[in-house]
Amino acid sequence: MNIYPIILCGGSGTRLWPLSRESHPKQFLPLLRGRSPFEATLQRLQGLADSQPTLIIANQEHLFMVQDQAKAVGIESYQLYIEPCGRGTAPAVAVAAYQLVREDSQAAMLVMPADHDIPDHDSFRRAIAQGVAALHAERLVVFGLAARRAETGYGYIERGMPLATADGCYQVARFTEKPELEIAQGFVASGQHYWNSGIFLFGAAQFIAELERFEPELASACRLAADSVTTEHDTRRIGADAFARCRTVSVDHAVLEHTAAAAMVAADFPWSDIGSWHSLWDNAEKDQHGNVTLGDTYLHEVTDSYVHSSRRMVVGIGLKDMVIVETADALLVAAREDVQHVKEAVELLRAQERDECRTHLCVNRPWGHYEDIDGGERFRVKRLTVNPGARLSLQLHHHRAEHWVVVRGTARVTRDEEVVLLYENQSTYIPVGVAHRLENPGKIPLEVIETQSGSYLKEDDIVRLQDAYHRV
């Protein structure tokens with residue numbers, strides 16, 4: 001069997017707010033020894049036996065993060081699928097499975113989220129090798145980790161009888177999703193329960209057969225979504241209308257909790273789903289007082305706390321078991337044992353249509369990034385940084401005019417039919433409705449201060465006429 005790694009890059013990582021936002025979620029943040037969890041996942045797969053090029057499933061907003069980070073770790077051969085909306089893991093995996101069996105009838109899928117921390121690659125590969133033995137016995141394999149403590153945010157697997165044909169593999173007696181604390185404590189005490197890692201290994205054709213058996217309507221919708229896939233600029237795009245008709249559900253709920261073919265590998269690799277600030281603190285290297293600090297911090301009589309500074313100096317005095325996370329536009333202060341409520345706070349922010357739950361003040365773009373500096377009624381000020389050789393789309397705005405001042409580098413500016421070069425300390429004006437483009441023809445980053453003025457200043461007032469990055 002050829003094993004095709006499937007990396008699922010969906011999810012907004014709300015439990016790690018304010019560092020993680022919808023536009024730049026935790027899987028793409030440098031949280032793991034200078035690498036993002038997505039980069040770490042790609043590196044973990046290198047050298048995996050019988051492995052084929054990785055298949056990555058992401059959404060449009062994160063397309064360029066995927067491409068940039070894959071390039072950063074030297075991964076050039078992969079297939080990238082763009083899902084138009086989130087529908088849980090089962091539809092994403094099913095679309096990939098239908099596509100794979102058309103190209104390779106013997107395809108096996110190693111499915112994993114992009115946001116886990118598994119630092120020991122050797123023990124990970126050994127666990128996968130154990131799973132392959134169960135795979136050849138026509139099992140749908142899930143990887144379980146011995147439950148070390150009572151976690152109410154994890155799913156649990158009850159271990160059944162051993163599989164005679166696969167060492168270290170067991171039948172699955174029962175799945176339990178996010179139990180109450182007392183039940184979780186009983187699971188830990190039993191020694192028969194494992195955390196569900198969310199990593200799966202199964203034959204693509206067998207998964208489809210079980211999905212069609214237990215979820216025929218969902219399987220039909222996923223098959224039509226797979227039929228809707230089109231190839232565009234080296235990416236495969238799933239049709240929006242077809243995928244929207246797929247019900248939102250996980251692989252566990254759709255198939256694994258119902259099938260008699262489920263098996264579990266009792267894996268021993270160190271693992272964290274980086275699911276909260278508490279888990280990030282728990283897995284990080286601490287100082288002699290049990291603290292984890294990042295950025296510009298000063299602590300006095302502080303113990304067992306997580307303190308993260310992005311911009312400003314953070315001073316902590318007389319604290320214990322706290323989480324403090326500072327960003328340019330938001331500050332989180334919480335008891336470490338209560339950080340599971342961060343997700344609820346983000347939902348309230350979303351209901352109030354607060355931008356802080358969606359994006360940072362500094363926003364990455366395929367051409368570089370921009371940072372909001374100031375804003376108010378009818379005006380907004382940004383700092384644009386354009387990478388050498390990069391350019392923004394040829395675009396126009398219906399509701400705003402723009403003033404550009406070059407503070408570093410050289411800018412090539414298009415205004416309708418006019419093309420001019422601007423140097424440091426020079427400026428230009430872009431009236432409402434004028435087609436324009438900003439480019440960096442130089443070899444150093446171009447920095448421009450952009451002042452917008454008008455009746456409507458949000459990002460959706462952009463009409464792209466031409467775009468090198470194929471955005472709409």
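Started at Tyr298, which I find in strand E13 (residues 297-300); helices (H or I, at least four residues) and strands (E, at least two) are DSSP runs, numbered from the N terminus. A reminder to myself: this is a predicted model, where local features need pLDDT of at least 70 and side-chain atom pairs count only at pLDDT 80 or more, while totals for chains, interfaces and linings use all residues. Residues are numbered from 1 along each chain as its sequence is written, and side-chain values use heavy atoms, with hydrogens and water left out.

Tyr298 comes out partly exposed, at 44% relative accessible area (buried is under 20%, exposed over 50%, partly exposed in between, with a 1.4 Å probe and protein chains only). With Met313, Val315 and Ile317, Tyr298 makes a nonpolar surface patch of about 420 Å². Patch members need over 30% relative accessible area and no salt bridge; nonpolar side chains (Val, Leu, Ile, Met, Phe, Trp, Tyr) are joined within 5 Å, like charges within 9 Å. The areas are Shrake-Rupley values with a 1.4 Å probe, and for residues only the protein chains shown count as cover.

**Sheet**

Next I traced an open sheet of six strands, antiparallel in its pairing, in the order E18-E19-E20-E27-E22-E25. Strands E18 (362-365) and E25 (427-430) are at the edges with a single partner strand each, so one side of each has no neighbour in the sheet. On average, neighbouring strands here are turned by 20° against each other, direction ignored; axes are lines fitted to C-alpha atoms, for helices over the stretch in contact, with angles from 0 to 180 degrees between N-to-C directions. I counted four bridges in the antiparallel pairing of E18 with E19 (residues 368-376), where pairing takes at least two DSSP bridges. Arg365 has Gly368 in E19 as its bridge partner.

I found a cis peptide bond from Trp17 to Pro18, omega near 10°. Pro18 is in the loop between strand E1 (2-8) and helix H1 (37-45).

Asp304 has a positive phi, near 50°, without being a glycine; this residue is in the loop between E13 and strand E14 (306-309). Asp416 also has a positive phi, about 50°, and is not a glycine; I place Asp416 in the loop between strands E23 (411-415) and E24 (418-422).

**Salt bridges**

My search of the whole structure gave 31 salt bridges, each a side-chain nitrogen of Lys or Arg within 4 Å of a carboxyl oxygen of Asp or Glu. I looked up three of them. Asp122 bridges to Arg125, closest N and O atoms 3.9 Å apart; both are in helix H4 (residues 121-136), three residues apart, about one turn of the helix. Arg174 and Glu158 have their closest N and O atoms 2.3 Å apart. That pair links distant parts of the chain, Arg174 in strand E7 (residues 169-177) and Glu158 in strand E6 (residues 155-162), 16 residues apart.

Arg408 and Glu447 form a salt bridge at 4.0 Å between the closest N and O atoms. Here Arg408 is in strand E22 (residues 400-408) and Glu447 in strand E27 (residues 446-454), 39 residues apart. I also noted one network, where salt bridges with shared partners join Glu22, Glu61, Glu347, Arg350 and Arg358.
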